[in-house]
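Biologist: Could we go through this model together? I would like to begin with the charged side chains and then turn to the sheets and the packing.

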Amino acid sequence: MMTKPTVVIALGGNALLRRGEPLEADVQRRNVLLASRQIAALTKDWNVVLVHGNGPQVGLLALQNSAYPQVAPYPLDVLGAESQGMIGYLLIQELKNCLPEQQVSALLTQVEVDPDDGAFSNPSKYIGPVYDQETALALSMDKGWAIKPDGKYFRRVVPSPKPLNIIETAAINALIAQGHLVVCAGGGGIPVLRQEGKLQGIEAVIDKDLSAAFLAEQINADALLILTDADAVYLDWGTRQQRALSKVTPEDLADITFDAGSMGPKVSAASHFVRSRHGIAGIGALQDATRILTGEQGTLISPTH
């Protein structure tokens, strides 16, 4: 029996809580069900390792966290762990419902970062809901948040350092070897530092696309699939001249600037994976998941044309 190739899927937090939708559990459950059906379909041809985003969710937890002033707010690393548990639970439940014979496991995952990473002085990772400009500015003044435009809206931004090491890689490989569909490195992983040989959390949210690409290299995956709320990578996004990119190479993308808070990390992660592993990477919408790596939908990045 031929062994199926392995794909690491990066499922965007915005694919689970779409723009304008209320940040409620029932809404998330409906979107997780749709995501799980697409991912289940991919298991026919691929061994799947799933990394999910947490931008809207960790931002919501931070808002709820700050609403109770009697105790000091929990730091972002703890909230990241909470979001891993919450989203991981919803995903493994629905994936198991879709694939009753498949072993499915979610793993709390720590990811080591560099305390001197430049991201700590230039926050760029969007978290939480979108706001109009007036509300965003008021929240920025009240809570000391960094705020940046996100399309026609505004959102909170936090530091997003690059992943250096996935602490639980051995556990992930062990689960894969036992045939599990593994949900791991949720939200990019819980950000940690190594100080004098000991791990400790730090205030940040790691980009899940960069962590997914990093993981894909470590486990020698054949493909990286980044699912988001955009149906492809676009040139001149948001203008009348915008056009979707279909089949490209990393070299085609090298001199193009994309938004550092949204599409930029996705393109960077996908291009780096293709260069390092000589595999393929796809970027596109959740509903097109089964057709992106075949080049029928979304953007497919390959080593050569």
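Modeller: A salt bridge here is a side-chain nitrogen of Lys or Arg within 4 Å of a carboxyl oxygen of Asp or Glu. This is a predicted model, in which local features need pLDDT of at least 70 and side-chain atom pairs count only at pLDDT 80 or more, while totals for chains, interfaces and linings use all residues. Residues are numbered from 1 along each chain as its sequence is written, and side-chain values use heavy atoms, with hydrogens and water left out.

Biologist: How many salt bridges does the rule give?

Modeller: The count comes to seven salt bridges. One of them joins Lys-125 to Asp-207, with the closest N and O atoms 3.7 Å apart. Lys-125 lies in strand 5 (residues 125-131) and Asp-207 in the loop between strand 11 (198-201) and helix 7 (208-218), so the pair ties together parts that are 82 residues apart in sequence. Helices (H or I, at least four residues) and strands (E, at least two) are DSSP runs, numbered from the N terminus.

Biologist: And is Lys-125 buried or exposed?

Modeller: Lys-125 counts as buried, at 14% relative accessibility. Buried means under 20% relative accessible area, exposed over 50%, and partly exposed in between, with a 1.4 Å probe and protein chains only.

Biologist: What does Asp-209 form a salt bridge with?

Modeller: The partner of Asp-209 is Lys-266, and the closest N and O atoms are 3.3 Å apart. This pair links distant parts of the chain, with Asp-209 in helix 7 and Lys-266 in helix 9 (residues 263-277), 57 residues apart. Both residues of the pair, Asp-209 and Lys-266, are buried. They also belong to a network of salt bridges that links Lys-208, Asp-209 and Lys-266.

Biologist: What is the N to O distance between Arg-291 and Asp-288?

Modeller: The salt bridge between the side chains of Arg-291 and Asp-288 has an N to O distance of 3.4 Å. Arg-291 is partly exposed, with a relative accessible area of 34%, whereas Asp-288 counts as buried at 9%.

Biologist: Back to the two helices. At what angle do helix 7 and helix 9 pack?

Modeller: The angle is about 10 degrees, and the axes are 8 Å apart. Axes are lines fitted to C-alpha atoms, for helices over the stretch in contact, and angles run from 0 to 180 degrees between N-to-C directions. Helix 7 and helix 9 are therefore roughly parallel to each other; angles under 35 degrees count as roughly parallel, over 145 as roughly antiparallel, 65 to 115 as roughly perpendicular and the rest as oblique.

Biologist: Which residues of helix 7 meet helix 9?

Modeller: Among them are Lys-208, Asp-209, Leu-210 and Ala-213, and on the side of helix 9 the residues include Pro-265, Lys-266, His-272 and Phe-273. Contact means heavy atoms within 4.5 Å.

Biologist: How many bridges join strand 1 to strand 2?

Modeller: Six bridges join strand 1 (residues 6-11) to strand 2 (residues 47-52), and these strands run parallel. Ile-9 stands opposite Leu-50 in strand 2.

Biologist: Which residues touch the most other members in the largest nonpolar core?

Modeller: Of its 40 residues, these are Val-8, Leu-215, Leu-224, Ile-283 and Ile-301. Helix 9 gives the most to this core, with six residues. A second, separate core of 29 residues includes Ala-15, Val-32, Ile-87 and Leu-293. A nonpolar core is a set of buried Ala, Val, Leu, Ile, Met, Phe, Trp, Tyr and Cys residues joined through side-chain atoms within 4.5 Å.

How values were computed:
Two strands pair if DSSP finds at least two bridges between them.
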